[in-house]
Amino acid sequence: MGNDMPTEATLLAHANHLRKNTTEPETRLWRHLSNTQNGYKFRRQHVIAPFICDFFCPTKGLIVEIDGHTHDDADDACRDAAMARQGFATLRFTNIDVMTTIVGVVMRIVVALDPRPARWAGVPHPTPPPEGEGLSRSKLLPFRGGVSGGRKSSPDP
């Protein structure tokens with residue numbers, strides 16, 4: 001009997017391919033989830049072996065799937081159960097949901113995220129800076145340079 005499980009390298013390569021070749025519903029939803037716009041960080045086409053999630057919020061352990069007409073309900077239920085055993089919750093939306101009611105979809109995602117506990121709550125960062133090191137916000141220097149369309153930034157008042 002052969003091993004049907006894809007290797008990590010295969011999954012990562014396929015996830016990379018999917019990121020470069022998104023569907024229109026995925027692109028539209030990503031516009032609303034990227035750059036922490038709703039207070040939560042998301043990743044696209046994130047690997048949680050042996051699956052690739054359309055969108056994943058690592059802080060809250062929430063998976064968001066956009067299902068086209070080819071998805072199989074029984075397969076999806078098995079996948080969702082496997083993810084739940086690892087502590088992840090899954091929200092599923094259809095392509096039509098995303099294309100016709102994007103604001104409602106985003107609202108449902110945020111409503112699902114808010115009550116979920118942070119996966120790392122109470123767990124210290126693995127490498128905290130030594131006492132007294134690091135910059136406080138008041139010590140940050142103003143940005144001077146880089147690509148700014150030829151204009152120089154002026155110092156903060």
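Which residue in the turn of the hairpin formed by strand 2 and strand 3 has a positive phi? The notes below take up this question while going through the predicted model element by element.

1. The hairpin. Strand 2 (51-57) and strand 3 (62-67) form a hairpin with four residues between them, and the residue in question is Gly61, which sits in the turn with a positive phi of about 65 degrees. The two strands run antiparallel and are joined by three bridges, and along this pairing Phe56 stands opposite Ile63 in strand 3.

2. Four strands make up an open sheet, in the order 1-2-3-4, and their pairing is mixed. Strand 1 and strand 4 are at the edges, where each has a single partner strand, so one side of each is left without a neighbour in the sheet. From one strand to the next, the twist averages 45 degrees.

3. Strand 1 and strand 2 run antiparallel and are joined by five bridges, with Ile48 standing opposite Phe51 in strand 2. Strand 3 and strand 4, by contrast, pair in the parallel sense over six bridges, and here Ile66 stands opposite Phe93 in strand 4.

4. Strand 3, enclosed on both faces. Six of the six residues of strand 3 are buried, so this strand is largely enclosed by the rest of the structure.

5. Helix 2 and its buried side. Within helix 2 (24-33), the buried residues are Pro25, Glu26, Leu29 and Leu33. They cover an arc of only 95 degrees around the axis, which puts them on the same side of helix 2. The partners against which the buried residues of helix 2 pack are strand 1, strand 2, strand 3, helix 4 (95-100) and helix 5 (102-113).

6. Helix 5 lies across strand 2, strand 3 and strand 4, and it runs at about 170 degrees to strand 4.

7. The nonpolar cores. The largest nonpolar core has 17 residues, and those with the most contacts inside it are Leu29, Phe42, Val64, Phe93 and Ile109. At least two residues of this core are supplied by each of helix 2, strand 2, strand 3, strand 4 (89-94) and helix 5, and the largest share, five residues, comes from helix 5. Apart from this core lies another, of six residues, among them Ile48, Cys53, Ile63 and Met83. As for Phe93, if its neighbours within four places in sequence are left aside, its contacts include Val64, Ile66, Val98, Val105 and Ile109, and also Glu65, Asp67 and Arg108.

8. Not counting residues up to four places away in sequence, Asp76 touches Asp67, His71 and Arg92.

9. Two residues to check by eye. Most residues other than glycine have a negative phi, and most peptide bonds are trans. Asn35 is not a glycine, yet it has a positive phi of about 60 degrees; its place is in the loop between helix 2 and strand 1 (43-48), and at 71% relative accessibility it counts as exposed. Gln45, found in strand 1, likewise has a positive phi, near 45 degrees, without being a glycine, but Gln45 is buried, with a relative accessible area of 4%.

Technical notes: Residues are numbered from 1 along each chain as its sequence is written. This is a predicted model: local features need pLDDT of at least 70, side-chain atom pairs count only at pLDDT 80 or more; totals for chains, interfaces and linings use all residues. Side-chain values use heavy atoms; hydrogens and water are left out. Buried means under 20% relative accessible area, exposed over 50%, partly exposed in between (1.4 Å probe, protein chains only). The arc is that of the directions from the helix axis to the C-beta atoms. Contact means heavy atoms within 4.5 Å. A nonpolar core is a set of buried Ala, Val, Leu, Ile, Met, Phe, Trp, Tyr and Cys residues joined through side-chain atoms within 4.5 Å. Two strands pair if DSSP finds at least two bridges between them. Axes are lines fitted to C-alpha atoms, for helices over the stretch in contact, and angles run from 0 to 180 degrees between N-to-C directions.
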